Amino acid sequence: MRRLSWFNVTSLTLGFAFLYLPMVILVIYSFNASKLVTVWAGFSTKWYGELLQNQAFLDAAWVTLKVGVAASTLATVLGTMAALVLVRAGRFPGRTLFSGMIYAPLVMPEVITGLSLLLLFISLGVDRGVFTIILAHTTFAMCYVSVVVSSRLVTFDQSLEEAALDLGCSPFSAFRLVTLPIIAPAVISGWLLAFTLSLDDLVIASFTAGPSATTLPIKIFSAVRLGVSPEINALCTIMISIVAVGVIGTSLATKRAAQRQKRDEQAAARAAG
Amino acid sequence: MAVPVFAPWDDPTQKPLIQFKGVTKRFGDFTAIDNQTLDIYTREFFALLGPSGCGKTTMMRMLAGFEQPTEGQIVIGGKDMKGVPPNEREVNMMFQSYALFPHLSVWENIAFGLRRMNQPKDVLEARVEEMLRLTRLTKFAKRKPHQISGGQRQRVALARSLARAPKLLLLDEPLGALDKKLREETQFELMDIQENTGTTFVIVTHDQEEAMTVASRIAVMDEGRVIQVATPSNIYEAPNSVYVADFIGDVNIIEGAAKRAGDGYDITWAEGVPPLHTRKEEGELISIPDGGKAYLAIRPEKVAIHTEKPQGMTNAVQGRIIDVAYLGNLSTYHVRLANGTMVRAQTANTRRLALRPFTWEDEVWLSWTDTAAILLAE
Ligand SMILES: Nc1ncnc2c1ncn2[C@@H]1O[C@H](COP(=O)(O)OP(=O)(O)O)[C@@H](O)[C@H]1O
Ligand SMILES: [Mg+2]
C-alpha cells in the first residue's frame, strides 16, 4: 500500500477534527461529574440518570417519536405514490409543472414553509398540536421520499411488472407483489430519511407546534437559551448514538448483502461454465 | 400409410386462433405496424422473422395486451381483444429479458402465475414440480434467479410462462442470450414441449436458421409489414420477393428484362450472351409483361461449377473465380461474370482438398437447370 504523504495526513486530520471535534467534546462533557459544563470534575453517568427523571424531556421525546413515526410513514406512502406517477405516467399535460412543484419544497426556506403552514392552520381553525406537526412534517418529508424512490424507479425494469400482469395479477397486486418488494430498500431509506428529518426539525416544528406539544429539538433549543446543562449533553449523546448505530448498521447490512450477491453470482457462473 | 400433414392454413374449414384484421399501430406519428392482416392457427409454431426494429415485439405486445392497436382488430379464439387487459387473456409471454422476479426463488417464480388461479395447494405444487421436471430445473428450485446461469434462467422463464397452460405462448427472442450449441439444443427442447403440451407458440427471432428449424410457418417482416407468410421450405424455395429471398439464406440475384418464351421466360441480362431461361411452374402466379424488369434468384447450392462449357445445359455462364470460401463440409466459389455480376456457387466437399480442381483466378463455367432459379418481379 502507498504511504500517505504528510500533506494528506494533515488535511485528513484537520478535516475530521473540524467535523467531529465538537461532537467529541459534547460526548465527553456528558460524562462530566461537575454541574459546570466547562470544568472537568471526573467521570460520572449521573446526568443520564437525571435525564430519565426529567418528565419534560421524556414528554418531548415521546412527542418527537410519535411525530417522527407518523409523519415519515405518511410521507413514505404519499412520496412513493408521487414518484410512481412522475416516473410511470409518461407525458401528461402539466407533468413538468407537477414534478417541479413536488421538488420545490426541497429548496424552499424552512421559515417560509413553516409560516405558510401556520397561516393555513390558523385560517382553517385547526388547533395546533401533535397532529399539525405531523401534517407539516409529512408535507416537507414526502418531497425527499419521492426523490429517493423515483431515482430507484427510473432503473426499475418495467417488464417485471408486465410479467406480473401477464401472469394474472391486477395492476395493484402487481405493484404489491413485485414492484414494492423490489424497491423496498429505497422505500425504507426514504422512510429513514423522513424520520431523521422529522427528528431534527426545529424551524417548522416551532411554527406548527402548539402549547400542548413540544418536540425534543424545541425543548433543547429553549433549554439551551437558559444555558447549556450537562443533561442536554447527555441527551444529545443519546441521539448521536442512535443515529450512529442506525447508519453503521444499515451500511454493514448493505455491504453484507452486496457481498453475498457477488458470491452467489460467481458460484452460478462457475456452475454454468 | 400417409401421415396427415399439419397444414390448417390450407384447410378452409379451420378457424384461426389468432386473427389480425387490418391492424395498425402508431407511436406518435411513427407507424410501427402498418395495416396488418394475419391468421395463426391452433397448435402452430409460428415464427416472426425480421430485422431489428421491424415491429416484431410490437406485434407480440399487442397479442399480450400491453399495447392496443391504433386501428383494426385483434381476435383471439373468436373473441375481440379490444379493451381486454393482459391479466384476463389466456396468453402468456416469455420476455426477451426473461423478467424473472429477483426477490423470489425459482420455485416461487414458476408458482407465481398459478397462485393467481386460486387452485388447491396440492394441485399447484404438483404443477410446479411438473414444470421443474419438464425444464430440468428440479435441482435449482430453491435458488434465486441471480444464483443460476443464463441458460437456466431462460428455462425458468419458459417454465413460468408455460405453468398456467396458456392457449397461446408468446416467445420474444427466447434464445438470444444463449451460445450456439445450447441454442440448438433448446430449439429442439422447445419443439418437444410444444408438441407435448399442444400449445400454440408464436416466436420472435431475428435468426433465420432458428425460424427454419422450429417453425410450422414463418412470417418475414420488414418495416411494420409482413412481406410473406409460408412454410419454411416455401419461404426458402419460393420467396415472393427479392427481400425475402435475400433475407432467408444465401442467394444470387441476376437482374434483367423478361420475355415470355416457350414454357417460361427468357431473361436478357447482359450484352452478347444468350438469355437465361427459367421454366414457369404450374400454379405460379407471377406474370411479367414482355421487356419488363425481372430478377432471377438462384441459391448458391443449385449452381454447378465446371472447367469446360457444360453440354446440354440451358443456363451456362462464364466467369473467373475471385474468392474461395472453405467451410469444411462446403466450399463457396465467388465467381465474377463478364459484366461484373458476382455469382456464388456452393459445392459439397466430398473429395479431399488436393483433388479439387478449382482455385483462384481459374476461368470456369457455371450452370443451373431451368427450374433452379426463381423469377421475381420485385
Ligand atoms: N413504446 C414505444 N414508443 C415509441 N416507439 C416505439 C415504442 N415501442 C416500439 N417503438 C418503435 O417501433 C419500432 C418497432 O419496435 P419493435 O417492435 O420493438 O421492433 P423489433 O422487436 O422487431 O426489433 C421501433 O422502431 C421502435 O423504436
Ligand atoms: Mg424486439
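Visitor: How many residue pairs are in polar contact between domain 1 of chain B and domain 2 of chain B?
Guide: Keep in mind that this is a predicted model. Counting pairs where both residues have pLDDT 80 or more, the number between domain 1 of chain B and domain 2 of chain B is 3.

Visitor: Which residue forms a salt bridge with B:Lys302?
Guide: Across the interface of domain 1 and domain 2 of chain B, the rule finds 1 salt bridge. With the closest N and O atoms 3.2 Å apart, the partner of B:Lys302 is B:Glu237.

Visitor: Let's move to the two chains. What is the area buried between chain B and chain A?
Guide: The size of an interface is often given as the accessible area lost when the parts come together. Here the contact takes 24 residues from chain B and 21 residues from chain A. Carbon and sulfur atoms give 64% of the buried area, which comes to about 2000 Å².

Visitor: Which side chain meets B:Arg61 in a salt bridge?
Guide: Side chains of opposite charge can pair when their charged atoms come close. Between chain B and chain A the count is 1 salt bridge. At 2.8 Å from N to O, the partner of B:Arg61 is A:Glu162.

Visitor: Which element supplies the largest share of the side of chain B that touches chain A?
Guide: Chain B and chain A also have 8 residue pairs in polar contact, both residues at pLDDT 80 or more. On the chain B side, α1 (56-64), β6 (91-94) and α2 (106-115) each supply at least two residues. The largest share, 3 residues, comes from β6(B).

Visitor: What about ligand 1: which residue has a side-chain N or O atom 2.6 Å from an oxygen atom of the ligand?
Guide: The surroundings of ligand 1 include B:Phe27, B:Phe30, B:Lys56 and B:Thr57. Backbone N or O atoms also approach oxygen atoms of ligand 1, at 2.6 Å for B:Gly53 and 3.1 Å for B:Gly55. The side-chain atom in question belongs to B:Thr58.

Visitor: And chain A on its own: how many salt bridges does the rule find across the interface of domain 1 of chain A and domain 2 of chain A?
Guide: Chain A is divided into domain 1 (54-227) and domain 2 (229-264), with C-alpha centres 22 Å apart. The two bury about 650 Å² between them, 85% of it on carbon and sulfur atoms. As for salt bridges across this interface, the rule finds 0.

Visitor: Which helix gives the most to the side of domain 1 of chain A that touches domain 2 of chain A?
Guide: Across this interface the rule finds 1 residue pair in polar contact, both residues at pLDDT 80 or more. Helices α8 (171-200) and α10 (216-225) of chain A each supply at least two residues of the domain 1 side. With 4 residues, the one giving the most is α10(A).

Visitor: Back in chain B, how many residues apart in sequence are the parts tied together by B:Arg183 and B:Asp207?
Guide: These two form a salt bridge, their closest N and O atoms being 3.4 Å apart. B:Arg183 sits in helix α5 and B:Asp207 in the loop between β8 (200-205) and α6, so the pair ties together parts of chain B whose separation in residues is 24.

Terms used: Residues numbered from 1 in each chain as written. Chains lettered and ligands numbered in written order. Predicted model: local features only at pLDDT ≥ 70, side-chain atom pairs only at ≥ 80, totals over all residues. Heavy atoms only, no water. Salt bridge = Lys/Arg side-chain N within 4 Å of Asp/Glu carboxyl O. Polar contact = N/O pair within 3.5 Å; in protein donor to acceptor, adjacent residues only side chain to side chain. Contact = heavy atoms within 4.5 Å. Buried area = accessible area lost by both parts, 1.4 Å probe. Near = heavy atom within 4 Å. Domains from an automatic or database assignment.
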